[in-house]
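Open your viewer and get ready to select residues by number. We will go stop by stop, looking at what is there each time.

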Amino acid sequence: MTAKKQPGTSLEEAPQATGKVDTAWYEREVARLQVELVKQQEYIRARGLRVVVVFEGRDAAGKGGAIQRITETLNPRAARVVALAAPTERERGQWYFQRYVAHLPTRGEMVLFDRSWYNRAGVERVMGFCTDEEYEEFLHSCPEFERMLVRSGITLVKYWFSVSDTEQEKRFQKRLQDPTKRWKLSPMDLEARNRWVDFSRAKDAMFAATDIPEAPWWVVEADVKKRARVNVMTHLLAQVPYEDLTPEPPVLPPRPPVTDDYVRPPKESQHLVPDVVP
């Protein structure tokens, strides 16, 4: 189901993709897409490609869940998730992009940034963690930095997860009620909640400066998590065209018989994890 968007309204004010997703269909489609992502990863590895995928968006927009569905069947040696903590004192004294450069992919690798250098255009700008001069320099330098990455042969894909304020508030409330998710609400998140308009202005300025032809922003409507996950997985598959290079399964010969006098130690000599399952 797609809602009609009134002229002049934003996606956050009037999201279009709001229909619920059938759970059985969703699970089948995610399983199918994960197989295709494995094929894509093998192609990236075999051809020595370098891929960077940036995930940005408001708190509770669903970035983490989408990243998890994308990577859970991939080989972690060739698909890394980078989610950096606040910069150290040493890192604050470096060129701004320096600590991100250290995590860029080598040949045959895909790196997914769960938040990225765009922290400067978002949380650092709104929360006052950078100066006006540093912010303006970022908006000037970032497009050149990304063009340099693309010229070097890196495929750069940037996703912005768009969520309405109403849906974000629902997710915040659920996190408060769920002990397994409460850690996701930091004091910074709560303060950011009070600065919705400031973050909106910062996002608009960021898009105006960094939505470049070489690395455009792709907006993911994320009010419905399942819909957003399927959409972004499908879109990512199209950003790196691939061929099915899945190797043929090897033939497993019968196990060779034991020909020596080896005897396994008795189970009483080992420390077993207690079986608590009823």
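The tour below starts with the whole chain, then visits strands, salt bridges and surface patches.

**Before you click**

This is a predicted model, in which local features need pLDDT of at least 70 and side-chain atom pairs count only at pLDDT 80 or more, while totals for chains, interfaces and linings use all residues. Residues are numbered from 1 along each chain as its sequence is written, and side-chain values use heavy atoms, with hydrogens and water left out.

**Stop 1: the whole chain**

Show the protein chain as a cartoon. It has 10 helices and 5 strands. Helices (H or I, at least four residues) and strands (E, at least two) are DSSP runs, numbered from the N terminus. The C-alpha trace spans about 75 × 50 × 45 Å along its principal axes. Of the 278 residues, 41% count as buried. Buried means under 20% relative accessible area, exposed means over 50%, and partly exposed lies in between (1.4 Å probe, protein chains only).

**Stop 2: strand β1**

Select residues 50–57. This is strand β1, and 7 of its 8 residues are buried. Which strands pair with β1? One is β3, residues 109–114, which runs parallel to β1 and is joined to it by 6 bridges. Another is β4, residues 154–162, which pairs with β1 in the parallel sense over 8 bridges. Two strands pair if DSSP finds at least two bridges between them.

Now pick out single partners. V54 has F113 in β3 as its bridge partner. G57 has F161 in β4. V53 stands opposite V157, also in β4.

**Stop 3**

Select residues 154–162. Strand β4 is mostly covered, with 8 of its 9 residues buried.

**Stop 4: salt bridges**

How many salt bridges does a search of the whole structure find? The count is 18. A salt bridge is a side-chain nitrogen of Lys or Arg within 4 Å of a carboxyl oxygen of Asp or Glu.

- Select E56 and R115. Their closest N and O atoms are 3.5 Å apart. E56 sits in strand β1 and R115 in the loop between β3 and α5 (123–127), 59 residues apart. E56 counts as buried at 3% relative accessibility. R115 counts as partly exposed at 26%.
- Select E109 and R80. This salt bridge is 2.6 Å, N to O. E109 lies in strand β3 and R80 in strand β2 (residues 79–82), so the pair ties together parts that are 29 residues apart in sequence. E109 is buried, with 8% relative accessibility. R80 is partly exposed, at 25%.
- Select E146 and K158. Their side chains meet in a salt bridge of 2.8 Å, N to O. E146 lies in helix α6 (residues 132–151) and K158 in strand β4, so the pair ties together parts 12 residues apart in sequence. Is E146 buried or exposed? E146 is buried, with a relative accessible area of 0%. K158 is buried too, with a value of 0%.
- Select E36, K39 and D244. A network of salt bridges links them.

**Stop 5: a positive patch**

Switch to a surface view. Select K170, K174, K181, K184 and K225. They gather in a patch of positive charge on the surface. Patches are made of residues with over 30% relative accessible area and no salt bridge; like charges are joined within 9 Å, and nonpolar side chains (Val, Leu, Ile, Met, Phe, Trp, Tyr) within 5 Å. Lys and Arg count as positive and Asp and Glu as negative, while His and the chain ends are not counted. The place of a charge is taken as NZ of Lys, CZ of Arg, CG of Asp or CD of Glu.

Zoom in on K184. Its place is in the loop between α7 (165–177) and α8 (187–193). K184 is partly exposed, with a relative accessible area of 32%.

**Stop 6: a nonpolar patch**

Finally, select W95, V101 and M148. They make a nonpolar surface patch of about 290 Å². Accessible areas come from the Shrake-Rupley method with a 1.4 Å probe; for residues, only the protein chains shown count as cover. M148 lies in helix α6. M148 counts as partly exposed at 43% relative accessibility.
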